[in-house]
Amino acid sequence: MHGTSRALAADLFVSIPDSICKKRGHNMTLYDYNNLKESFDTDKMLATLMKSHGESPPYTELTYRRNEVIMEEGTPNRHFYVVKKGMVAMSKGTARDDSILTFCGPDDILGFLSVLENAVSPISYTAISEVTLFRFERQYVIDKITFGQESFWYAYFFYLNFTHPILVRESLSNLPSDKKILAGLVIVAERFGRAEPDGSYLIPYYFTQKVIGKYLNLARAYVATNLRKLEQDGLISLSPKPWKIHDMAAVKEILDMKYTDLYSLTKK
């Protein structure tokens with residue numbers, strides 16, 4: 001190994017705080033996702049940003065109404081956002097219409113792709129429910145988290161949590177339309193919905209036919225037709241609201257979905 005490569009590798013190992021390495025003794029796997037998540041998830045990052053040595057942290061709490069644009073594709077961005085509550089759609093303009101790539105909920109980060117100086121946002125963020133955000137100035141975030149030993153791992157988790165849901169969405173692209181819609185419902189239900197004791201899942205009200213259509217690149221009328229078919233087949237209920245997936249385990253078996261959320265394996 002060249003000297004530069006050895007130095008870089010050493011830096012990455014030094015970057016891990018001793019507290020993490022000691023949690024499971026000498027047998028701890030250094031790069032285990034769950035171990036690292038305990039020290040580098042959004043909660044820990046937000047706590048770091050809120051530390052201001054006696055002064056009030058320089059953030060603004062903002063509220064957006066449903067369908068309000070938070071950040072527009074192609075525009076400069078000077079801020080870094082953390083979702084406190086509500087749901088945000090991350091979208092990309094296409095030749096026909098905006099396509100929703102993924103959704104961001106409580107504790108998710110907005111603005112990661114354009115946090116550098118002079119960067120413009122390659123994507124748009126739009127509220128699909130009422131949303132409350134913490135907004136920080138870009139330079140403050142850079143000063144707080146990019147010069148510490150832990151900056152590599154924060155960046156790693158931002159990247160992982162940003163890209164994984166998009167890859168899951170892409171995995172649906174070749175499914176028949178009815179299965180694609182059912183799989184889309186599974187993804188949003190597991191990630192943002194509520195599990196019931198009987199194995200069913202309730203889907204939040206803001207995942208409408210229009211929103212699901214933009215997420216799956218299907219016309220709204222086509223979504224409506226296939227939702228009714230899925231209801232007739234006994235897989236979901238559309239009324240009374242909220243929508244419900246009756247038996248999540250059975251539906252995932254039908255779809256042969258190995259996982260939907262980050263590192264949540266449901267099938268060996």
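Student: What do the buried residues of H9 pack against?

Tutor: In this predicted model, they pack against helix H7 (177–192), helix H8 (209–216) and strand S11 (236–237).

Student: Which residues of H9 are buried, then?

Tutor: Val223, Ala224, Asn226, Leu227 and Leu230 are the buried ones in H9.

Student: And how far apart are the end C-alpha atoms of H9?

Tutor: They sit 19 Å apart. H9 covers residues 220–232, so with 13 residues at 1.5 Å a residue it should span 18 Å, and the two values agree.

Student: What comes just after H9?

Tutor: Gly234 does, and it takes a positive phi of about 80°.

Student: Which residues have a positive phi although they are not glycine?

Tutor: Asn67 is one of them, with a phi of about 75°. Asn217 is another, at about 60°.

Student: Why point those out?

Tutor: Because most residues other than glycine have a negative phi.

Student: OK, where is Asn217?

Tutor: Asn217 is in the loop between H8 and H9. It's partly exposed, with a relative accessible area of 44%.

Student: And Asn67, is that one buried or exposed?

Tutor: Asn67 is exposed, because its relative accessible area is 60% and anything over 50% counts as exposed. Its place is in the loop between strand S1 (59–64) and strand S2 (69–71). Asn67 also turns up in the lining of the second largest pocket.

Student: Oh, tell me about that pocket. How many residues line it?

Tutor: The second largest pocket has 16 lining residues. Those nearest its centre are Asn67, Thr126, Ile128, Lys210 and Lys214.

Student: How much space lies in it?

Tutor: About 370 Å³ in the second largest pocket.

Student: Which helices or strands each supply at least two lining residues?

Tutor: Strand S4 (88–93), strand S5 (98–104), strand S7 (124–127) and H8 each do that for the second largest pocket.

Student: Where does the pocket lie relative to the domains?

Tutor: Between domain 1 (33–168) and domain 2 (175–263), because both of them give residues to the lining.

Student: Changing topic: which peptide bonds are cis?

Tutor: One joins Ser239 and Pro240, with omega about -5°. Another joins Lys241 and Pro242, with omega about 5°.

Student: Where are those two prolines?

Tutor: Pro240 is in the loop between S11 and strand S12 (244–245). Pro242 also has its place in the loop between S11 and S12. As background, most peptide bonds are trans.

Student: Can we look at H6 too? How many residues does it have?

Tutor: H6 has 20 residues, 151–170. From first C-alpha to last it reaches 29 Å, close to the 28 Å expected at 1.5 Å a residue.

Student: Which residues of H6 are buried?

Tutor: Quite a list, including Trp153, Tyr154, Phe157, Phe158, Leu160 and Phe162. His164 and Arg169 are buried in H6 as well.

Student: Last thing, the whole chain. How many helices and strands are there?

Tutor: The chain has 10 helices and 12 strands. Of its 268 residues, 44% count as buried.

Student: And what share of the contacts comes from residues 24 or more positions apart?

Tutor: They account for 69% of the contacts in the chain with a separation of 6 or more.

Technical notes. Residues are numbered from 1 along each chain as its sequence is written. This is a predicted model: local features need pLDDT of at least 70, side-chain atom pairs count only at pLDDT 80 or more; totals for chains, interfaces and linings use all residues. Side-chain values use heavy atoms; hydrogens and water are left out. Helices (H or I, at least four residues) and strands (E, at least two) are DSSP runs, numbered from the N terminus. The expected span of a helix is 1.5 Å times one less than its number of residues. Buried means under 20% relative accessible area, exposed over 50%, partly exposed in between (1.4 Å probe, protein chains only). Contact means heavy atoms within 4.5 Å. On a 1 Å grid over the protein atoms alone, a cavity is a set of points where a 1.4 Å probe fits but cannot get out, and a pocket is an open set with protein on both sides within 12 Å along at least five of seven lines; lining residues have an atom within 4 Å of a point. Grid points are joined across faces, edges and corners, and a volume is the space filled by probe spheres set on the points. Domain bounds come from an automatic or database domain assignment.
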